[in-house]
Amino acid sequence: MKIGIGLPNQVRDVRPDTVPAWARAAEDAGFSSLGSLGRIAYPGLMDTVALAAAAGATRGIGLISTLLLAPVWPPVLLAKEVAGIDAVSGGRLTLGLGLGGRPDDFVVDGLGPRGTGKRLDRDIETYRSVWRGEVPPGCENPAVPAGTREVPLLFGGMAQASFERVARAGRGYIGPSAPPAAVGPAFDRARAAWRAAGREGAPYLVALAYFALGDEDRGRANVYDYYRPAGPEGARARAAETSGTVAAVRATVKAFEELGVDELMLNPTVDDPDEVARLADAVL
């Protein structure tokens with residue numbers, strides 16, 4: 001199982017200038033990938049900006065959005081944005097897409113929180129059309145340079161339609177940030193949908209978990225703050241799941257490895273750059 005590390009782009013009031021150095025440190029430490037969290041209505045750094053900064057600051061480490069809220073974006077605009085990040089990185093981006101569950105993230109007129117699943121299915125075709133160099137409706141030119149790569153897609157979500165989307169249009173599945181025992185059935189459903197669709201091989205499975213190795217209390221408080229819209233009980237549960245010791249992080253890694261996950265993304269809960277080295281010492 002590969003082990004990646006998230007960028008601190010959705011830590012409240014993150015210092016954006018920490019992202020390039022964080023990315024370089026993660027690559028030097030040997031993490032497999034850098035991840036980003038997607039949310040609009042929160043005082044963090046836009047995931048596309050964080051990924052672009054990481055792409056420019058590194059040479060070989062993978063980049064994964066976990067997850068970008070696709071339906072909040074006009075599809076042609078997102079396709080162009082993603083193609084640019086992937087090209088700057090030299091083809092290292094994997095696009096993880098989700099629907100979004102917070103109404104206040106939908107800030108673009110005409111792109112509200114209803115019908116997001118059907119909208120995403122249509123948007124996927126638009127993304128691929130743009131990446132193939134086809135001229136978007138109403139335009140005179142393609143939106144991207146010739147030779148643009150089709151960026152591989154992963155999908156999140158817990159509805160059956162999400163697993164079917166993985167099998168129909170994706171390379172794999174990104175599970176919710178939850179304990180291994182809770183998220184294990186979701187990985188099984190992704191595998192089952194893959195087989196039912198007659199796909200060869202197996203879906204690429206990515207797990208997410210939070211860690212806080214320098215200041216556990218601050219890290220848990222930040223997770224609670226991020227999940228506050230879920231209500232006190234839900235926010236407390238997410239905060240309690242944060243691995244706050246080396247032993248706890250190692251136990252999380254072992255549990256996801258036993259589930260047969262391909263890659264575990266460990267997400268930071270503070271923007272302290274020393275967390276990169278602390279995590280590397282614990283799990284690499």
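Modeller: Let's begin with α7, which gives the most to the lining of the largest cavity, with 3 residues. This is a predicted model, in which local features need pLDDT of at least 70 and side-chain atom pairs count only at pLDDT 80 or more, while totals for chains, interfaces and linings use all residues. Residues are numbered from 1 along each chain as its sequence is written, and side-chain values use heavy atoms, leaving out hydrogens and water.

Biologist: How much space does the largest cavity hold?

Modeller: About 130 Å³, where the volume is the space filled by probe spheres set on the grid points, which are joined across faces, edges and corners. The whole structure has 2 cavities of 30 Å³ or more. The second largest cavity has a volume of about 50 Å³, and among the residues that line it are Gln-10, Gly-38, Arg-39, Asp-47 and Trp-73.

Biologist: What makes a lining residue nonpolar, polar or charged?

Modeller: Ala, Val, Leu, Ile, Met, Phe, Trp, Tyr, Cys and Pro count as nonpolar; Asp, Glu, Lys and Arg count as charged; the others, Gly among them, are polar. By that rule the largest cavity's lining has 9 nonpolar, 5 polar and 1 charged residues. For the second largest cavity, the division is 6 nonpolar, 2 polar and 2 charged.

Biologist: Which residues lie nearest the centre of the largest pocket?

Modeller: Leu-67, Arg-102, Pro-176, Ser-177 and Tyr-227, out of a lining of 30 residues. The pocket's volume is about 760 Å³. Strand β7 brings the largest share of its lining, 5 residues, and the lining divides into 15 nonpolar, 12 polar and 3 charged residues. At about 190 Å³, the second largest pocket comes next. It has 13 lining residues, and Lys-2, Ile-64, Thr-94, Tyr-204 and Glu-263 are the closest to its centre. Strand β3 gives the most to that lining, with 3 residues.

Biologist: Leu-67 sits by the centre of the largest pocket. What kind of peptide bond joins Thr-66 and Leu-67?

Modeller: A cis one, with omega about 10 degrees. Leu-67 is in the loop between β3 and β4. Most peptide bonds are trans, and most residues other than glycine have a negative phi. Asp-13 has a positive phi, near 55 degrees, and belongs to the loop between β1 and α1.

Biologist: How do you know whether Asp-13 and Ser-33 are buried or exposed?

Modeller: Buried means under 20% relative accessible area, exposed over 50%, and partly exposed in between, with a 1.4 Å probe and protein chains only. Asp-13 has 55% relative accessibility, so it counts as exposed. Ser-33 has 6%, so it counts as buried. Ser-33 belongs to strand β2. Not counting residues up to four places away in sequence, it touches (heavy atoms within 4.5 Å) several residues, including Ile-3, Ile-61, Glu-263 and Met-265.

Biologist: What covers the buried residues of α2?

Modeller: The cover includes α1, β2, β3, β4, α3 and β5. Among the buried residues of α2 are Asp-47, Leu-51 and Ala-55. In the chain as a whole, buried residues make up 52% of the 284.

Biologist: And how many helices and strands does the chain have?

Modeller: It has 10 helices and 9 strands. Its radius of gyration is 18 Å, close to the 19 Å that the globule rule gives for 284 residues, so the chain is as compact as a globular protein of that length. The radius is taken over C-alpha atoms, and the rule is 2.2 Å times the number of residues to the power 0.38.

How values were computed: On a 1 Å grid over the protein atoms alone, a cavity is a set of points where a 1.4 Å probe fits but cannot get out, and a pocket is an open set with protein on both sides within 12 Å along at least five of seven lines; lining residues have an atom within 4 Å of a point. Helices (H or I, at least four residues) and strands (E, at least two) are DSSP runs, numbered from the N terminus.
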